[in-house]
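Visitor: I have a structure open and a few questions about it. Can we go through them one at a time?

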Amino acid sequence: SKNYRVDGYLGSFGVISSVTSPFCSGCNRMRLTADGKMRNCLFSTTEFDLLSAYRTGQSVKEVITACLHDKKKELGGLPEFEKQEEILESISERSMIKIGG
């Protein structure tokens, strides 16, 4: 994050600008949604159904491994910044804040 402090006030705040200043190369995070899906990036349009595999006795290790191997180099594999607007709108339909992340 880029941290800021306002003169005359206590504390500070930070801005994480993941679109204009991606930090993807250092990201090792995986996300598990409230409905049992794994996502390897907040910008990813792909989810891996971990809960169904678990409930049916399938190997969750295989699902997790597939999710890891599908992780893109940057921003969930989105195209150039200029072309991202419509994709970002479709991702917002299933954003982490809406699905319990």
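Guide: One definition to begin with: a polar contact is a pair of N or O atoms within 3.5 Å; within protein, one must be able to donate a hydrogen and the other to accept it, and residues adjacent in sequence count only if both atoms are side-chain atoms. By that definition, a polar atom of the Asn40 side chain lies 2.8 Å from the backbone oxygen of Cys67.

Visitor: What sort of model is this, and how are residues numbered?

Guide: This is a predicted model, where local features need pLDDT of at least 70, side-chain atom pairs count only at pLDDT 80 or more, and totals for chains, interfaces and linings use all residues. Residues are numbered from 1 along each chain as its sequence is written, and side-chain values use heavy atoms, with hydrogens and water left out.

Visitor: Back to Asn40. Where is it placed?

Guide: Asn40 sits in the loop between strand E4 (37-39) and strand E5 (48-49). Helices (H or I, at least four residues) and strands (E, at least two) are DSSP runs, numbered from the N terminus.

Visitor: Is Asn40 buried or exposed?

Guide: Asn40 counts as buried because its relative accessibility is 2%. Buried means under 20% relative accessible area, exposed over 50%, and partly exposed in between (1.4 Å probe, protein chains only).

Visitor: What is Asn40 in contact with?

Guide: Leaving aside neighbours within four places in sequence, Asn40 is in contact with Arg29, Met30, Arg31, Phe48, Cys67, Asp70 and Lys71. Contact means heavy atoms within 4.5 Å.

Visitor: Which residues make up the largest nonpolar core?

Guide: Six residues make up that core: Met38, Phe48, Leu50, Ala53, Val63 and Cys67. Helix H1 (50-55) and helix H2 (60-69) each supply at least two residues of this core. A nonpolar core is a set of buried Ala, Val, Leu, Ile, Met, Phe, Trp, Tyr and Cys residues joined through side-chain atoms within 4.5 Å.

Visitor: And what does Phe48 touch?

Guide: Beyond its neighbours within four places in sequence, Phe48 has contacts that include Met38, Val63 and Cys67. Asn40 and Asp70 are also among the contacts of Phe48.

Visitor: How are the strands arranged?

Guide: Three strands form an open sheet in the order E3-E4-E5, with antiparallel pairing. Strand E3 (31-32) and E5 are the edge strands, each pairing on one side only. E4 and E5 pair over two bridges, and Phe48 in E5 is the bridge partner of Met38. Two strands pair if DSSP finds at least two bridges between them.

Visitor: Different topic. How many disulfides are there?

Guide: Zero, in a search of the whole structure. A disulfide is a pair of cysteine sulfur atoms within 2.5 Å. As for burial, Cys67 is buried because its relative accessible area is 0%, and Cys41 counts as buried at 13%.

Visitor: How many salt bridges?

Guide: Two. A salt bridge is a side-chain nitrogen of Lys or Arg within 4 Å of a carboxyl oxygen of Asp or Glu. The side chains of Glu47 and Arg39 form one at 3.7 Å, N to O, and those of Lys72 and Asp70 form one at 3.0 Å, N to O.
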